[in-house]
Structures are given as structure tokens and as C-alpha cells.
Amino acid sequence: MTKFEEKQPSVSVDKLMWMYEQMVKIRYYEDQMVEAYTEGKSPVFNIGEGPVPGEMHLATGQEPAAAGMMVHLTKDDTVTAPHRPHHHAIAKGVDLKKMTAEIFGKETGLGKGKGGHMHLFDPQAKFSCGGIVAAGIPHAVGAAMANKMKGKDWVAVAFIGEGAANAGAFHESLNLAALWNLPLIVVVEDNSYGISVPKKSSTSIESNDLRASAYGVAGAYVKDNDPVAMYKASEEAVNRARNGQGPTIIEIETFRFLGHFQGDPELYRDKEEVPGLRARDPIMKLRQQLLDAEHVNEKELEEIETRAKQQVDEAYQFARDSDYPKPEAALDDVFTS
Amino acid sequence: METAKKRMLTGNKAMAEAIAQEMENDKNVFVLGEDIGKYGGIFGSTQGLMEKFGPERVLDTPISETAFIGAAIGAAAEGMRPIAELMFVDFFGVCMDQIYNHMAKIPYMSGGNVRLPMVLMTSVGGGYSDAAQHSQTLYATFAHMPGMKVVAPSTPYDLKGMMTSAIRDDNPVVFMFHKSLQGLGWMDQLDYAVGHVPEESYTVPLDKANVMREGKDVTIVGIQMMTHHAMEAAERLSQDGIEAEVIDLRSLAPIDKDTIINSVKKTHRLVVVDEDYRSYGMTAEIAAIVSEEALYELESPIKRLAIPDVPIPYSHMLEDFVLPGPDKIVETVKQMMDEA
């Protein structure tokens with residue numbers, strides 16, 4: 001038993017290693033996206049220019065939510081995500097090359113260039129996301145229904161931002177999932193802002209896990225963007241759902257290191273805020289925990305980091321090398337048969 | 001020689017029979033919506049299903065259209081074949097995001113990788129003083145959005161056959177049934193709300209209009225109640241020596257252009273009748289199609305009959321005034337013939 005497991009016997013260090021690799025991959029992926037997105041947008045920023053046009057919502061700093069939940073999921077479990085979806089997609093095992101090609105608008109993309117960064121669909125990984133706040137929760141409810149009807153112990157997880165907890169779809173979905181005792185987990189990523197509006201100006205309650213009592217379901221709160229705490233809360237929620245014990249709401253206090261979207265001037269937050277958050281980087285925290293546990297050494301962590309970066313680099317290269325769709329392909333796929 | 005009496009069913013029973021037969025054939029088919037269980041659907045669309053299939057596959061939902069229509073989308077993406085009922089089409093406002101932004105677009109945005117084999121059935125239509133929030137058809141509101149098949153059958157035979165096709169289709173189908181054509185005991189008793197329906201399962205295509213009556217002088221295109229009004233008008237016109245061809249559109253999307261254009265090529269006159277608002281609607285769409293593809297076949301300008309861009313009023317006197325009916329159709333056709 002490692003030192004870490006002596007202190008926290010319920011936590012598998014191997015699984016933490018998996019989380020670490022995902023988090024590093026996500027971070028590097030988003031860092032590369034900052035670069036790719038900036039291409040063609042200087043000296044004058046024009047949202048429609050460059051190899052990656054359109055809106056771009058990055059998840060830098062929010063890695064623990066995705067990695068800590070996905071470590072407990074299998075390919076058979078369903079995940080729905082919102083407009084800021086890259087961390088969920090990567091941790092859920094979405095095809096990285098096709099995902100990146102989609103974001104570059106290429107014909108080899110997940111949606112043949114019809115979806116873009118907010119609309120990634122990978123049925124093999126049972127992953128989807130969308131650009132309408134809170135709208136993915138009902139889809140996860142439906143997946144949970146389907147799982148139950150098929151007699152499977154598969155679960156469905158809806159990731160949302162804290163702003164989505166004030167939308168009607170949140171309430172309707174949780175009432176329905178609780179009523180039908182569905183294997184649904186809603187993960188609320190509280191990154192403090194709905195675009196520019198701070199949570200305290202939008203939400204009548206301290207944290208959204210407290211809303212669980214309104215539906216008679218379980219609630220859990222993860223503070224300080226802590227990967228290990230997210231791991232534990234998620235494990236409990238997944239076990240509960242798999243065992244037919246109904247839904248859970250998890251809220252995680254997470255950090256948005258970047259703007260709501262790239263190009264956001266962020267005039268609504270203090271200049272000191274982001275450096276303060278970056279000083280509490282969850283990846284560095286987990287890295288130190290793994291080293292302290294004497295489970296791995298520096299060299300092994302570097303190998304993981306190199307491997308993760310290589311996969312990301314390959315995905316970006318694949319995206320850049322791929323062809324754009326033929327213009328008239330815009331007319332295909334309105335109907336699927 | 002046919003001696004056996006034809007099997008007659010009301011519209012609602014024809015629909016419910018199609019759903020029951022498909023539920024028997026395919027365990028992935030299930031129904032969810034408000035009051036569709038023991039009540040059997042406020043307009044009878046699910047009559048008898050709860051007794052036959054139980055609450056596991058016939059699910060009464062809370063008044064949460066966003067949640068349960070969204071859940072139908074999520075379940076369809078997992079390979080189920082849900083049928084969700086939106087009790088009145090007028091209630092679309094509380095769940096249009098799920099319909100417009102998700103149900104209609106996910107297959108496209110996924111490059112065809114996600115299929116949504118689901119039916120959204122909903123009741124439409126007025127004529128019984130249910131006023132502005134419970135009487136609309138909103139045909140065009142749904143047909144306008146790419147990515148959904150939108151059908152509105154007019155006869156019990158088509159209600160069954162098109163429902164069977166809708167359930168078997170791998171795309172989202174909005175299935176609109178007209179309240180007055182369900183043959184319910186507590187509404188007007190209309191002869192055409194009861195009709196021949198074979199017991200065995202059959203399909204009617206989701207993209208073909210139906211020529212209900214052949215004629216040489218004028219083409220009248222309608223849908224649901226307007227088709228039946230057009231038929232009545234055609235009988236009256238016939239007594240005056242005018243033979244109208246009546247087309248029951250049946251499918252708003254995809255629209256069967258060929259049947260309309262072929263008819264116009266024969267009659268050279270076109271009247272379009274709609275129980276939806278006049279502007280930007282079905283009448284405008286058909287007029288545009290014929291203008292683009294058969295303008296020189298026309299001997300007189302196209303005439304449109306529709307709700308004159310007002311919300312549907314409550315009082316009989318007012319509602320009757322705004323809804324097109326046989327009198328208005330007869331009058332319009334006669335005017336058209338006189339002008340020629």
C-alpha cells in the first residue's frame with residue numbers, strides 16, 4: 001500500500017494516475033487551442049477568421065470535474081456536456097483526432113464540420129454536448145431512462161455550469177429523474193461566473209447541491225477544485241446510480257482561468273483573481289500528491305505528460321492535414337435515412 | 001362481391017391502434033406525455049395503451065415538457081423509439097428549445113452519426129371556442145424548421161398508416177392530429193372523423209399528398225379540416241358545373257410538390273386553404289412553389305384562404321369568421337372562375 005492509500009484507503013492511486021494523465025491532456029489541449037484560435041485573428045480580432053473560427057469556450061482550470069467523474073465511468077455510460085465541453089469529451093474518451101478536426105471545420109470531424117466546438121457528438125463514446133444552457137440535462141435523463149428500460153446498470157451524467165442550475169430544464173429534469181428513480185448524476189461546475197455575472201448575483205442559494213433536498217435526492221459539494229475530493233464524491237454518486245438508488249447533484253467549486261470565451265476582455269473581474277487561482281492549480285496539486293505518495297517518481301510523471309502531449313499534437317496535426325468538406329455537403333444529413 | 005361490413009374506426013382509435021401494434025412489434029417503442037396513461041390522452045391518442053402495456057411503457061409525465069421531450073431525445077439517441085405527446089401544439093413555447101435546437105438539429109450537427117427515431121405527436125386545430133392558446137395548428141411554425149418531418153393526416157386510415165410510418169422512421173417526426181378529426185364523443189360529430197381502417201398493420205408514406213377528388217377546373221389544396229371543407233365545397237361547386245380537384249397535403253415537410261404541380265397543370269387554377277395564419281405560412285409556400293415551377297400554367301392568380309393574421313378569437317361569431325370553411329371556398333372559387 002502506498003503512503004497515499006494508507007491515508008486514504010478508499011482511493012485507488014492507479015485511478016488518480018489515470019486522472020492525472022487526462023488532466024494534463026486537457027490542459028495541453030486547451031493551451032494548444034488558445035494558440036490555434038489566435039491564428040488569423042491578429043492584429044485585429046475577428047471572430048470569424050483563422051483556422052478555428054466562431055466562439056471558443058475553454059476549460060483550462062476545470063479539469064478535476066471531468067477527470068474525477070469520468071474515472072468511474074465506462075464506455076457504456078452516457079455523458080452530456082454544455083458549451084464548454086473539451087475536458088468532458090477528452091476524459092470520456094471521445095476520438096481526439098475527429099474532435100479536433102470538427103473544431104477545425106474539417107470533413108474528417110465528428111460531425112463532418114457541421115457542428116463545431118459546441119456541438120460534438122461521438123455515439124461510440126456515448127458523448128454529446130450543446131450550446132444551449134441546461135438543455136443537455138433532459139437528454140441525460142432520457143439516456144438514464146433508456147438504461148433503466150434496457151435493464152442495464154449504466155448511468156448518465158449531465159455536466160452543467162452553475163448558471164444552468166437556474167434554468168427551468170434543471171428543475172424539470174431533476175424532478176423527473178427523482179420521480180422515476182433514474183441513474184442520473186448532474187455535475188454542476190461552479191466556475192463563479194455565468195459569462196460575467198458572478199454566482200452571488202444570479203443564484204439564491206450558496207451552492208446547488210443544497211437544491212438536492214428539494215427533489216429528495218443526494219447532494220455533494222466539492223470545494224477548492226480538488227481532484228481527490230471530486231473522485232470520492234463521484235464514486236459515491238456513480239455507485240448510488242448503478243445500484244438503483246437514484247440521482248445525485250454534485251457541485252464542484254472550480255476555476256475558470258480564461259475568459260468566458262476567447263476574446264473576452266474580462267473587465268468584470270479583478271486583475272489579481274486569475275493569478276490567485278492559477279497559484280492553486282489542481283494539476284500541480286495532484287502531481288505533488290502523487291509524488292508525495294511515492295507511487296511514482298518525477299520521471300514517470302514526465303513520461304505520462306509526454307504521452308498526453310503527443311496524442312494532442314497528433315490530433316491537431318490530423319485536423320490541420322484534413323480537407324475541408326465540399327461546400328455542397330452542407331445539404332446532406334438533414335435526415336439520417 | 002364485398003358483403004362484409006367495412007371495419008370503421010374513429011381517428012383516435014386508428015392512431016392508438018397503430019401505436020399498440022408497433023409497441024407489440026418493437027420493445028423499444030414507448031409513449032410518454034401528460035395524461036396519456038389511464039386517461040388515454042386528452043384527445044384519445046393513447047386510448048387503451050396503459051391497459052395493454054402498463055406504466056413501464058406508457059408513462060404519465062409531470063407538466064414538464066422540456067424534461068420529457070428532452071428525455072425522449074436522449075432516449076432516442078440511445079436507440080429507443082419514443083413517442084412523446086405535447087398535449088396541445090399551443091404549448092410548444094415552453095419546450096421549443098428542445099424541439100427546434102435539439103430534436104431537429106442533432107442529426108445534422110452530428111453529420112448523421114446520431115439518429116433520433118422519435119415521434120412528437122400533438123393535437124392541433126380550433127373551431128370549438130377554445131380561444132387563442134388552445135386552437136392553433138402552427139403547421140408552418142414546425143414545417144419551417146429543417147430536420148423534422150411534419151405530417152398532419154386527415155382521415156382515420158391515414159392517421160393509422162402514417163403513425164405506423166412515423167414510428168418506424170429513423171428521423172424525428174412531428175405528428176399533428178386534429179382534435180376535431182379524432183371522433184371524440186364530446187366534440188362535434190363529424191362523419192369524416194370515422195372511417196375505414198384495416199385491422200392489420202400497414203403504412204402510408206410520410207411524403208405524399210393524396211388526391212381526394214379529381215376535377216378539371218380548379219385545384220384546391222388543403223390539410224386536415226381544410227381538406228374536408230374543400231371536399232364539401234367541391235360537391236357544391238359540382239352542382240354548378242365546376243369540377244374541383246381536391247388535394248389533401250398530408251405532409252407539410254417534406255412537401256409533395258409533384259402532386260400539386262401536376263394538378264395545376266391539369267386545372268390551371270389554384271386555391272390553397274389553411275387553418276394556420278396567413279403570413280409566411282403553408283398557403284404562401286405552395287403559392288411560391290407553383291409560381292416558381294408552374295407560373296405559366298396558371299390562368300388566374302392563386303388564391304389563399306387562411307386565418308387573417310389575428311390570434312384565434314373565442315366567441316363563435318368571431319372564430320367562425322376567421323376560420324376558412326366551405327362557404328368561403330365556394331365563394332372564392334366562383335369569383336376566380338368569373339374573373340377568368
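**Notes on a two-chain predicted model**

1. Let's start inside chain B. Across the interface of its domain 1 and domain 2, the rule finds one salt bridge, where a salt bridge means a side-chain nitrogen of Lys or Arg within 4 Å of a carboxyl oxygen of Asp or Glu. The partners are D158(B) and R250(B), with their closest N and O atoms 3.0 Å apart.

2. Before going on, a word on what you're looking at: this is a predicted model, in which local features need pLDDT of at least 70 and side-chain atom pairs count only at pLDDT 80 or more, while totals for chains, interfaces and linings use all residues. Residues are numbered from 1 along each chain as its sequence is written, chains are lettered from A and ligands numbered from 1 in the order in which they are written, and side-chain values use heavy atoms, with hydrogens and water left out.

3. Where do the two domains of chain B run? Domain 1 covers 8–196 and domain 2 covers 210–339; the bounds come from an automatic or database domain assignment. Their C-alpha centres lie 26 Å apart. In the contact (heavy atoms within 4.5 Å), domain 1 of chain B takes part with 32 residues and domain 2 of chain B with 28 residues.

4. How big is the area buried between these domains of chain B? About 2300 Å², and carbon and sulfur atoms give 55% of that. Buried area here is the accessible area (1.4 Å probe) that two parts lose on being put together, summed over both. Keep an eye on S129(B), Y139(B) and Y192(B): they supply 25% of what domain 1 of chain B buries against domain 2 of chain B, more than any other three residues.

5. There are also 20 residue pairs in polar contact between the two domains of chain B, both residues being at pLDDT 80 or more. A polar contact is a pair of N or O atoms within 3.5 Å; within protein, one must be able to donate a hydrogen and the other to accept it, and residues adjacent in sequence count only if both atoms are side-chain atoms. On the domain 1 side, the elements giving two or more residues are α6 (139–143), β6 (149–151), α7 (156–168) and β7 (173–178) of chain B. Helices (H or I, at least four residues) and strands (E, at least two) are DSSP runs, numbered from the N terminus. That side of domain 1 of chain B divides into 19 nonpolar, eleven polar and two charged residues. For these classes, Ala, Val, Leu, Ile, Met, Phe, Trp, Tyr, Cys and Pro count as nonpolar, Asp, Glu, Lys and Arg as charged, and the others, Gly among them, as polar.

6. Now for the contact of the two chains, which takes 36 residues from chain A and 39 residues from chain B. The area buried between chain A and chain B is about 3100 Å², with 67% coming from carbon and sulfur atoms. F121(A), F335(A) and T336(A) supply 20% of the area that chain A buries against chain B, more than any other three residues.

7. Which residues make the one salt bridge between chain A and chain B? Look for K126(A) and E78(B), whose closest N and O atoms are 3.1 Å apart. The rule also finds 13 residue pairs in polar contact across the interface of chain A and chain B, both at pLDDT 80 or more. On the side of chain A that touches chain B, α6 (136–149) and α7 (168–179) of chain A each supply at least two residues, and α6(A) gives the most, with nine residues.

8. Within chain A, R27(A) forms a salt bridge with E63(A), the closest N and O atoms being 2.6 Å apart. R27(A) sits in helix α2 and E63(A) in helix α3 (residues 63–70) of chain A, so the pair ties together parts that are 36 residues apart in sequence.

9. Most residues other than glycine have a negative phi, and most peptide bonds are trans. The peptide bond from S42(A) to P43(A), however, is cis, with omega near 5°, and P43(A) is in the loop between α2 and α3 of chain A. Another cis bond runs from A253(B) to P254(B), with omega near -5°. I195(A) has a positive phi of about 50° although it is not a glycine.
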